[in-house]
Amino acid sequence: MSEQRVRAAKLDAADELAGLRARFVLDDAVYLDGNSLGALPAAVPGRVDDVVRRQWGELRIRSWSESGWWTAPERIGDRIAPLVGAAAGQIVVGDSTSVNVFKALVGAVRLAGEGRDEILVDATTFPTDGYIAESAARMTGRTLRPVAPSQVPGALGDRTAAVLLNHVDYRTGRLHDLPSLTAAVRAAGAVSVWDLCHSAGALPVGLDEHGVDLAVGCTYKYLNGGPGSPAYLYVRRDLQERFDSPLPGWNSHAEPFGMRRDYEPAPGAVRGRVGTPDILSMLALEAALEVWDGVSVDAVRAKSLALTDFFLECVAAYVPAGRVESLTPDAHAERGSQVALRCADAGRVMARLIERGVVGDFRHPDVLRFGFTPLYVGFGDVERAARVLGEVISSD
Ligand SMILES: *Cc1c(COP(=O)(O)O)cnc(C)c1O
């Protein structure tokens with residue numbers, strides 16, 4: 001038995017989160033694609049069945065009040081809040097991340113006020129954020145300027161209205177310095193908007209602690225909400241009264257059933273709602289979030305770093321030298337919960353890995369991505385993934 005296999009067994013035996021695996025529906029594959037679509041939590045199928053058959057099938061319209069459908073966006077927002085370091089009453093769930101990027105960014109420009117004519121956007125952003133930022137800039141008459149996150153402090157100035165950043169780079173797994181970048185944006189008098197898609201559920205975010213203005217994120221990656229589960233929008237409490245959503249729907253009206261001709265925004269996080277919420281997906285997400293009961297995000301972060309460290313160590317041991325190159329920073333302070341390896345013929349290598357029960361993904365043109373979800377990935381899985389990768393690459 002290899003040294004790494006012995007170490008994996010010891011690490012698994014000492015893993016205090018190992019029991020959480022039982023909260024998911026898993027098979028024999030090593031699933032390292034939870035940064036794209038989290039695995040199915042065991043509580044979800046039964047809940048969805050109840051929502052469909054009883055709440056919808058039997059109670060029908062009564063469920064908007066009796067089954068708590070109407071208030072689900074805020075209630076589930078409050079369930080996500082502790083996972084991203086937010087006090088209750090600041091997060092609302094609904095719509096896709098893309099739509100929430102639009103609400104947050106246009107809202108941020110409006111909060112910044114006239115006279116600030118530039119929007120900074122993460123030059124390495126996930127594409128949708130960039131497309132929407134370009135449109136938001138055009139609509140609000142601002143100029144869009146792409147800047148690498150590390151260059152943001154030098155690019156800020158009196159002209160900066162808003163800054164849209166990804167907390168973790170979806171491609172490389174690099175974690176950006178949210179506390180210091182947020183402080184720099186604030187010091188320049190601009191408004192910060194963070195996209196937490198690849199950090200929420202994987203590491204502590206500390207939205208309130210670090211004074212983040214606005215944030216968005218999806219729930220189908222590390223929060224395991226299921227395909228297309230609704231995203232969320234965070235608006236810091238003291239900004240809520242001034243938050244002027246570019247998508248004011250009847251669901252964010254102060255008196256939604258007043259059916260009034262004039263719009264008057266509701267107070268609080270509800271202001272981020274638009275139209276009728278996607279109840280089936282939303283309540284599947286609510287059941288999925290039960291896996292977090294009693295789980296500390298700090299413990300998840302500690303295990304996540306141990307998993308990615310161990311993966312890099314096993315890759316170095318098993319993969320012939322020079323065949324892969326890690327794009328993920330070695331420093332813990334700069335690492336999210338994934339490892340990205342540059343590799344020749346990455347698309348074919350990933351297809352071989354998947355055939356052999358190691359599921360990661362491929363990002364064009366030459367990147368193998370492996371996401372580590374500490375709630376259900378163990379050290380034995382990590383050792384097996386690296387060993388199979390070594391075998392696949394060596395057999396070429
Ligand atoms: C996954 C991801 C998205 C996805 O947006 P959708 O609207 O849910 O498709 C957006 N931004 C980032 C940074 C992501 O990683």
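**Close-up views of a predicted model**

**View 1. Helix 11 passes helix 13 in a right-handed crossing.** A crossing is right-handed if the near helix is turned clockwise from the far one by less than a right angle, and left-handed if anticlockwise. Helices (H or I, at least four residues) and strands (E, at least two) are DSSP runs, numbered from the N terminus. This is a predicted model, in which local features need pLDDT of at least 70 and side-chain atom pairs count only at pLDDT 80 or more, while totals for chains, interfaces and linings use all residues. Residues are numbered from 1 along each chain as its sequence is written, and side-chain values use heavy atoms, with hydrogens and water left out.

**View 2. The axes of helix 11 (residues 297–318) and helix 13 (residues 379–394) come within 9 Å and cross at roughly 30°.** Helix 11 is therefore roughly parallel to helix 13, a term for angles under 35 degrees. Axes are lines fitted to C-alpha atoms, for helices over the stretch in contact, and angles run from 0 to 180 degrees between N-to-C directions. On the side of helix 11, the contact (heavy atoms within 4.5 Å) is made by K303, A306, L307, F310, F311, C314, V315 and Y318. Helix 13 contributes F379, V382, E383, A385, A386, R387, L389 and G390. By class, this contact has twelve nonpolar, one polar and three charged residues; Ala, Val, Leu, Ile, Met, Phe, Trp, Tyr, Cys and Pro count as nonpolar, Asp, Glu, Lys and Arg as charged, and the others, Gly among them, as polar.

**View 3. V377 is found in the loop between strand 15 (367–371) and helix 13.** V377 counts as buried, at 2% relative accessibility; buried means under 20% relative accessible area, exposed over 50%, and partly exposed in between (1.4 Å probe, protein chains only). Apart from neighbours within four places in sequence, V377 is in contact with Y31, L32, K303, L307, F372 and V382. From C-alpha to C-alpha, V377 and G107 are 38 Å apart in space and 270 residues apart in sequence.

**View 4. C314 and C343 are both buried, with relative accessibility of 0% for C314 and 4% for C343.** The sulfur of C314 has its closest cysteine sulfur in C343, 17 Å away and so too far for a bond. A search of the whole structure finds zero disulfides, a disulfide being a pair of cysteine sulfur atoms within 2.5 Å.

**View 5. V6 lies in helix 1 (residues 3–13).** At 38% relative accessibility, V6 is partly exposed.

Note on methods: Parallel < 35°, antiparallel > 145°, perpendicular 65-115°, else oblique.
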